[in-house]
Amino acid sequence: MSDIVLSCQGLVKKFGGITATNNVTLNLARGARHALIGPNGAGKTTLINLLTGVLEPTAGSITLEGQDISRLAPHQRVRRGMVRTFQINQLFASMTPLETLALVVSQQRGLGARWWKSLGSNAAVADRAQQLLEQFHLGEVATQKTEHLAYGKRRLLEIAIALACEPRVLLLDEPVAGVPAGEREELLQTVAALPADVSVLLIEHDMDLVFSFANRMTVLVNGAVLTEGSPGEIAANPEVKAVYLGHGDEINERLPTEPQPHV
Ligand SMILES: Nc1ncnc2c1ncn2[C@@H]1O[C@H](COP(=O)(O)OP(=O)(O)OP(=O)(O)O)[C@@H](O)[C@H]1O
């Protein structure tokens with residue numbers, strides 16, 4: 001088994017005259033905690049959309065566990081084990097976290113939506129949903145409608161839903177964006193405690209989270225990879241610091257000061 005779970009080679013995405021992704025090659029190691037950072041407009045969202053199949057690349061290829069998935073539809077990539085965090089939408093607003101997770105676990109296990117008729121009648125589904133509720137600190141709000149949950153709890157539910165799909169690769173899209181200060185710590189701790197066998201690619205502007213979470217970082221600028229390295233290497237890289245100058249991003253409060261230690 002290769003040490004690389006997800007890989008893209010020479011990815012290019014052009015929107016008319018704009019090259020949003022410019023010859024990006026990126027390897028996600030098995031069990032990685034890999035952050036993708038870059039200033040606004042660097043191409044992070046476009047790259048994630050290419051990896052998940054929402055966008056079709058102009059050139060390049062993507063492999064998951066060594067198999068070419070470049071031509072697969074988004075749902076086929078999910079089935080192969082690449083899952084991104086879901087944004088809570090209207091569909092889930094009137095459902096509770098318990099119902100939502102039971103539905104996703106049930107679908108994942110090929111049981112369809114039969115859980116609806118007899119929630120709890122399938123012990124394996126109920127057990128897994130309960131486990132996820134506890135893991136994501138949602139136990140106390142398990143039977144409240146999602147639309148009434150605090151924002152931080154909704155973000156936790158998004159990650160729980162993604163994990164219910166039993167991913168090999170989890171693409172975490174700005175998990176703490178918009179979360180009020182009082183709810184951040186719980187979210188940071190939960191993200192830090194994600195299962196070690198799930199390889200994670202994190203897109204994030206919040207440098208607290210990036211530097212406390214990642215053991216590998218890729219910096220995108222103008223659609224291309226500027227550099228890749230350990231958090232220590234990234235923090236010490238003058239080019240990275242220069243890129244963030246004038247962007248008002250928090251990275252300059254951290255660079256080139258010492259990053260947090262990593263194992
Ligand atoms: N559908 C589109 N059509 C045209 N241009 C696009 C499209 N999507 C993205 N772009 C352009 O591609 C570039 C990269 O955008 P992208 O949203 O991927 O960056 P980002 O790093 O995710 O930015 P942010 O951090 O602000 O979310 C930008 O110049 C953007 O304007």
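**Close-ups of the sheet, its helix and the ligand shell**

**View 1. An open sheet of 6 strands, in the order E6-E7-E8-E3-E9-E10, with mixed pairing.** Its edge strands, E6 (82-84) and E10 (224-229), each pair on one side only. Pairing here takes at least two DSSP bridges between two strands. Strands (E, at least two residues) and helices (H or I, at least four) are DSSP runs, numbered from the N terminus. On average, neighbouring strands of this sheet are turned by 20° against each other, direction ignored. This is a predicted model: local features need pLDDT of at least 70, side-chain atom pairs count only at pLDDT 80 or more, and totals for chains, interfaces and linings use all residues. Residue numbers start from 1 along each chain as its sequence is written.

**View 2. Strands E3 (residues 33-37) and E8 (residues 199-203) run parallel, joined by 4 bridges.** Look for His34, which stands opposite Leu201 in E8.

**View 3. Helix H1 packs on the sheet.** H1 touches E3, E6, E7 (169-173), E8 and E9 (216-221), with contact meaning C-beta atoms, placed from the backbone, within 7 Å. The direction of H1 makes about 150° with that of E7; axes are lines fitted to C-alpha atoms, for helices over the stretch in contact, and angles run from 0 to 180 degrees between N-to-C directions.

**View 4. The residues around the ligand include Phe15, Asn40, Lys44 and Thr45.** A residue belongs here if its C-beta atom, placed from the backbone, lies within 6 Å of the molecule. Strand E2 (18-29) and helix H1 (44-52) are the elements giving two or more residues to this shell, and H1 supplies the largest share, 3 residues.

Conventions. Contact = placed C-beta atoms within 7 Å.
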